[in-house]
Amino acid sequence: MTNTTTDRERRAADAARGAEDDEAERLTTAPAESDGPTGIGVLGWLRWMWRQLTSMRVALILLFLLSLAAIPGSLIPQNGQNQFKVETWKAQHTTVAPIYEKLQLFDVYSSVWFSAIYILLFVSLAGCIVPRTWQFVGVLRSRPPAAPRNLTRMPVYAAWRTDADAEAVGTAAHRLLRGRRFRAHLDGGAVAAEKGYLREVGNLVFHLSLFALLGGFAWASLASGTGGKLLVEGEGYSNTITQLDDFTGTRFYGSDDLDPFYVKLSSFTSKFQSNGSQIGSAREFTAGVEYYEGSDPSKLRTGKIEVNHPLEIGGSKFYLIGHGYAPVITVRNAAGDVVYTGATPFLPQDGNLTSTGVIKVSDYGEKDGKKTQLGLSGFFLPTAPVAFDKNTGPRSLFPGDADPALVLNAYAGDLGTDSGLPQNIYQLNTKNLTQLQRDGEPAKARLKPNQVWELPDGYGTVTFEGYKKWASFNVSHRPGNGIALAGAVAAIAGLIGSLFIQRRRIWVRAVALPDGGTLVELAGLGRSESAKIAEELAALAVDLQDDAPALDDEPEEGGEPAEGGATEADEASAPEESAVPADQNSKE
């Protein structure tokens, strides 16, 4: 029974030492992943599913899926960004537009499938960060792992004999390692030291930053709003729901939460390349504005808005997203009364700013005893050619206003504006209109600034007074952008730390030999294959020579011990081969 008990105790002790050695060689605080469900029944499967969801592998898959899911949002116009582009895209792609509607591709970032990926990634990161942080705090509060029983298993190893006292050698090694900013502990003649905790800190910062990044986006999607406004030079507006061209709110940000301010477009400057291979390319777009916050006009200030350089007013940002020309047109009826005058924005159709637009004269009055309305449609050409191509029609040659011209067609009848149904101000419904004729041909005119077109059949005149420039703006309120930006910067910093800081451990053991003297063993273990741990161990061995000088009769590597050298006790305690230091890639 005594022998049996002794054998069992020995096996138990060996198993415990093996577990300690494995723990000493484990350089990460990441929770161990399970290959299959633990336990039996529903609870075991739920526990296994939770471990899979919170694993790094699944987190990376979800992050990859999130990046794929964001691609349609950058390729397809979104409702919350530019409603006009969405409607134009739908009109041009009538076949696939209904399918895209059902798949929520015009509202990607608020769609069910995008939110599902987003929430799963959020839960996965939370489930990964919490236990990992808890384990890391436990590691910081505990001592460095004790020296393994067999230091020769370490990839970097060195050993020598010295006449110095074993306790003095341990104390000196502890002092040197602390001086090198290792977290060191001396116990039982062995020093255990560890360094490079900032690697794990960087890893945790990276995960926490992703958490903050997702949180910032979530906050922005719940408490943000966007609106659109087109302003002609000289016009202004108050930031209210009635004066915005369009508005998209969220659950916690509606029309009542709009930031109070007033903005006026005082000037707009556009410059284009006028020669060379890139002729017509944009060089400058600058909107000069006057604005004030709240309702006090005495606080009027000036500012400018450029592409990617928004103006921040209160909690909202003013982005410049488009520009064009607005012909100034005056219409007089048959009696010579002015029935319409003003600048009408025309929408660009190509890179040379060939623009189309309509003028709806609802208050024309009566013609031949009947109530009549007038409609004008046509093109504005910033730089008109001498003659129009029969196949392409009116087209501008250059986006700048080098030789502007206005081409118009005229219609008379019922515009449908009195029906109460909403209409597109940029389109003319000709269902109840008749195009005016001259000599049996549709009436049309090409006008230069300050020219007058006399309409046929005594309908009056149209004067092209000139033109102004207009600019369209996106008014965005997104409170989570600052958090998202800070999270992205911190994530990059954490990733750099986790990639370039090396976690490493060093052990020093000093053992008194039976025949006198001390055997000094040094071993190192790094998280990755690197020469840094070997260099640190070699430097430590050199510094330790002052307190524990090697004996001159130390055998050469691979040689025989000197006369009066190692005894059987030495052979039992010393490694089979010693080197100063050993090859870092060696496992023996």
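Start with a charge over a ring. Lys367 lies over the face of Tyr459, 4.9 Å from the ring centre. The rule is NZ of Lys or CZ of Arg within 6 Å of the ring centre and within 35 degrees of the ring normal. Lys90 lies over the face of Phe106, at 5.0 Å from the ring centre.

A word on the source. This is a predicted model: local features need pLDDT of at least 70, side-chain atom pairs count only at pLDDT 80 or more, and totals for chains, interfaces and linings use all residues. Residues are numbered from 1 along each chain as its sequence is written, and side-chain values use heavy atoms, leaving out hydrogens and water.

Now ring pairs. How many aromatic pairs does the structure hold? There are 22 aromatic pairs. Rings of Phe, Tyr and Trp (its six-membered ring) pair if their centres lie within 6.5 Å; planes under 30 degrees apart are stacked, over 60 edge-to-face, the rest tilted.

Take Phe318 and Phe473. Their ring centres are 5.1 Å apart and their planes at 35 degrees, so the pair is tilted. Phe318 is buried, and so is Phe473. Buried means under 20% relative accessible area, exposed over 50%, partly exposed in between (1.4 Å probe, protein chains only).

Back to Tyr459. Tyr364 and Tyr459 form a tilted aromatic pair, 6.2 Å centre to centre, with 40 degrees between the planes. Tyr364 has 1% relative accessibility, so Tyr364 counts as buried. Tyr459 is buried too, at a relative accessible area of 14%.

Last one: ring pairs link Tyr109, Trp113, Phe114 and Tyr118 into a cluster.
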